[in-house]
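Work through the following exercises with the sequence and the model open. Each task is followed by its solution in steps.

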Amino acid sequence: MPKKYQFELPFDVDLAQHVRQSYPEVRTYRMVSKSLDARGAPRGRRPSFHYIIDALVTDTDTFPTAEEFPRLPEPSKRPVIVGAGPGGLFCAVRLAEYGIPSILLERGDEASKRMLHIAKFWRYGELDPETNVCYGEGGAGLFSDGKLITRIKSDLVQYVMEKFVAFGAPPETAYESNPHLGSNKIRTIITQISNWLRSRGVEIRYNTQVTGLVTEGDRVTGVRLSTGETLLTDHVVLATGHSSQDLYQELEGSGVAMKPKDFAVGVRVEHPRRYIDSIQHGDYCEASQLGSARYRLSWHDKWTDRGVYSFCMCPGGYVLSSGTERDGIVVNGMSNYARNSPWSNAALVVSVKAERDLSDPRLLAGLEFQHEIERRAYELSKKFATGRELPAMTIREFMEGKLNDRPLPKTSSPSGIFKADIRQIFPEFVVEHLKKGLREFDKDIPGFIYDEGVLIAPETRTSAPLTILRDKKSLVSVSHHGLYPCGEGAGYAGGITSAAVDGVKCALSIIEREGLLT
Ligand SMILES: Cc1cc2nc3c(=O)[nH]c(=O)nc-3n(C[C@H](O)[C@H](O)[C@H](O)COP(=O)(O)OP(=O)(O)OC[C@H]3O[C@@H](n4cnc5c(N)ncnc54)[C@H](O)[C@@H]3O)c2cc1C
């Protein structure tokens, strides 16, 4: 059995040399975890890394080998997976490992072609409603920072990390506490995953939208496609992400059990990267071992019981226009593996409580709430720019409540930004809480409110405003047999890793329910 060692080392001390000198009994080792502690850096304390390693000490010790999966008989009808984001792809991977080829349906184009569609949108404002930043193979995470950190606790997280490595992610993905792939690496990894799936008999159909479910009483028996075709199956995994408004409407019409869920809306804040590096890493801000600096901010207003927090930070990244509808603007962030653009950005969002803030009791009122903000941003852009550029104001202007006549600082956004009073696109409680939150964040990170810091709006698609209800154990919809609500769009994930884990769980549930696994 390997032996575990845990220790902390200053960031610039060589790990291999330390192990050789301090643990001469170690024959060979494998990294289990590596996490940076730079909390004291702004006050001059030297950053350090915490390491956990598995080491082989005796000659007979070995590392455990990869799990072997029994090959199971194929079910009479292949499972159908809707959506080739991390949830759908990892569901297909796990089924295929057990010898069960599924049919994977994706409304958008394949990963390698998505950039063509997206470049037209960013450059000329020509949105393709089927292939964009949220839709297409790889899902919403394809143009992301590729952060793989998750707060969920599941043994399957390690499985997902090891799969990413097997499909081409850097080895440190499996052990770093904050692994990230960057948009450039994710794109090649997703293509590797699809190639592997095809080699295992999985049928992947691109540019194929599922327009509805086929039902018999309380059982889902198939899906209807935009091509007019119907596919019959005993298992439909619905991994369509948080933006598929048309499908939510269809599910509501079919009586699929759903309930409104809290979510959050706000802005993207963008600062010069070197500025954030210098605040967070102090005298060590030039040390390449530390990478571009991250931050995580959170404040709870106890008087109003509302949270304001940062989300999806992209150090050395880009602010993206990431909408899926022609009459709306949505922003998000991404970065490449090197995280070396001259800017760092993050979402700053305010919690929206379904019961309190949605005056409209309809099930889909949360989607309408998001869309109304997105529409207002688009109207502003059409009025003061071309409809493509993103509305923005400096943090200082936002705090003072008025625009000044100085031009905006440069931005990373390929769509461009224009100056506008973004407060008018949000309900008042969002503006007020963003202001209070920024005041608090400026205490946590002195200098966060900064002349060169810009707020770009609106960040509305932080999560689905609905949960598609499912049984906790079987993961089957509580209203419809044969339907597996999966991933972020169903309300069971909040990022790439948690969506992938949820996909694996749905696959295991199908295997069990088919009676394939004894
Ligand atoms: C710009 C951006 C950056 C992000 N950065 C990060 C990050 O760094 N780290 C992180 O953890 N998370 C990040 N996220 C969030 C992350 O991408 C999502 O949480 C994750 O992708 C959810 O996975 P999913 O499989 O549930 O859904 P999605 O990834 O949304 O995939 C759903 C798929 O279903 C398809 N689909 C939808 N409707 C239909 C239909 N009717 N028929 C057929 N196909 C359909 C879509 O085209 C899409 O490909 C980011 C998101 C965005 C937009």
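**Exercise 1.** Find which residues Leu455 touches, not counting residues up to four places away in sequence.

Solution. Two residues are in contact if their C-beta atoms, placed from the backbone, lie within 7 Å. By this rule Leu455 touches Val267, Val269, Ala392, Met393, Ile395, Phe398 and Ile422. The model is predicted: local features need pLDDT of at least 70, side-chain atom pairs count only at pLDDT 80 or more, and totals for chains, interfaces and linings use all residues. Residues are numbered from 1 along each chain as its sequence is written.

**Exercise 2.** Describe the largest nonpolar core.

Solution. A nonpolar core is a set of buried Ala, Val, Leu, Ile, Met, Phe, Trp, Tyr and Cys residues joined through C-beta atoms within 7 Å; buried means 20 or more other C-beta atoms within 10 Å of the residue's own. The largest such core has 124 residues, and Cys91 and Leu455 have the most contacts inside it. Helix 12 (residues 496-513; a DSSP run of H or I, at least four residues) gives the most to this core, nine residues. A second, separate core of ten residues includes Leu36, Ala38, Ala41 and Phe49.

**Exercise 3.** Determine how many residues surround the ligand and how they divide.

Solution. Count each residue whose C-beta atom, placed from the backbone, lies within 6 Å of the ligand. The count is 43, and the closest are Gly83, Gly85, Gly139, Gly241 and Gly487. Next, sort them: Ala, Val, Leu, Ile, Met, Phe, Trp, Tyr, Cys and Pro count as nonpolar, Asp, Glu, Lys and Arg as charged, and the others, Gly among them, as polar. The shell divides into 18 nonpolar, 20 polar and five charged residues.

Notes:
Buried ≥ 20, exposed ≤ 12 C-beta atoms within 10 Å, placed from the backbone. Helix = DSSP H or I, 4+ residues; strand = E, 2+ residues; numbered from the N terminus. Near = placed C-beta within 6 Å.
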